[in-house]
Amino acid sequence: MPEGHTIHRLAGALTELYGGRRLRTSSPQGRFADGAARLDNQVLLGAEAHGKHLFLAFGPEPDMPLDAEAVTWLRIHLGLYGSWTFDGDSAFTAPHAIGAPRRRVGERGEHALRHGGGSALAGLSGGSGADAGGDAPAPGLWSPPEPRGAVRLRLLGEHGVADLTGPTACELLDAEGAAAVHRRLGPDPLRADADPQEFVTGVRRRRKAVGELLMDQAVISGVGNIFRAETLLRCGISPFRAGNRLSEARLRAVWDDLVPLMEYGVATGFITTVEADDVPEPLPDDDQEAGRWYVYHRTGRPCLRCGTPVREREAAGRRLFWCPACQAR
């Protein structure tokens, strides 16, 4: 499942590609036909992410305030199988795909948003010509391709198309409905309105292991299996320690560690957590992950900080990785 940084990148991409533009919307698959009909010919006012949830605001006219009664919110959760694919002319710069199946987002031609911050946009034009190594069609020469697969929602603009397939959730909400979803989610380290104290308090009131709590989207939003394993190693915290046995200072350290790690993921499309001084030289041929991660997917390999073999255990249905020496308490 894509972690929170991917959804923030996607929100940035959709805002840059479609923000302020009137779109044609459809549901080629048919499962979202009524919703697509309600959005058709509306203007995309903006996109935002909260954890693993994507929110798109649509209104009848541009420059409407997002709290206006006429604004309709589209909430999307990709889940394990959802993805967006893009296609367009040379004026439509987008990645080929974001989400599942697991593609390396932004692996070619990555660049930042024009207005600062990270973006899911890559230096691909997205059309079949670009995918084949050629140039994308010039404006006016491009036409939308036929939908491929079970496309739940198609967003069509003048210069390009974005197709959504396989999401866990795709629904329309009014302002109160969208607010209700936000309220049930924990603070997101990538959002300016996040309150780290809410995270600290939420963990400390529970007896569950912190390794499980970091995956609870009601406690903290956007953290997935990689960020969970890596930040606990970096902060020297056992994933099995109960939340109510952790000090406020140690939990603040976790939050402060996650913010730059996740911001780097937004800017680059990659989760890279290993400090430069800890990367082995030369990088072992059979352990390429040692250049990116301390413990994630490195079972049995030496911890990059102490040399103890990394261990793995199933916890709440997910694979959990940790160093028994560096994370003894």
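Student: Which glycine follows H7, and what is its phi?
Tutor: This is a predicted model, in which local features need pLDDT of at least 70, side-chain atom pairs count only at pLDDT 80 or more, and totals for chains, interfaces and linings use all residues. Residues are numbered from 1 along each chain as its sequence is written, and side-chain values use heavy atoms, with hydrogens and water left out. Helices (H or I, at least four residues) and strands (E, at least two) are DSSP runs, numbered from the N terminus. After H7 comes glycine 236, and its phi is positive, near 65°.

Student: How many residues of helix H7 are buried?
Tutor: Buried means under 20% relative accessible area, exposed over 50%, and partly exposed in between, with a 1.4 Å probe and protein chains only. Helix H7 spans residues 225-234 and is mostly covered. Among its buried residues are Phe227, Leu232 and Leu233, and also Arg228, Glu230 and Arg234. The count of buried residues in H7 is 10 of 10.

Student: Is asparagine 41 buried, partly exposed or exposed?
Tutor: Asparagine 41 belongs to the loop between helix H2 (33-39) and strand S2 (43-50). Although asparagine 41 is not a glycine, its phi is positive, at about 75°. Because its relative accessibility is 41%, asparagine 41 counts as partly exposed.

Student: Is alanine 316 buried or exposed?
Tutor: Alanine 316 has its place in the loop between S10 and S11, and its phi, near 55°, is a positive value in a residue other than glycine. Because its relative accessibility is 66%, alanine 316 counts as exposed.

Student: What share of the residues of the protein counts as buried?
Tutor: The protein has 8 helices and 11 strands. Of its contacts with a separation of 6 or more, 59% come from residues 24 or more positions apart. Of the 329 residues of the protein, the share that counts as buried is 53%.

Definitions and conventions: Contact means heavy atoms within 4.5 Å.
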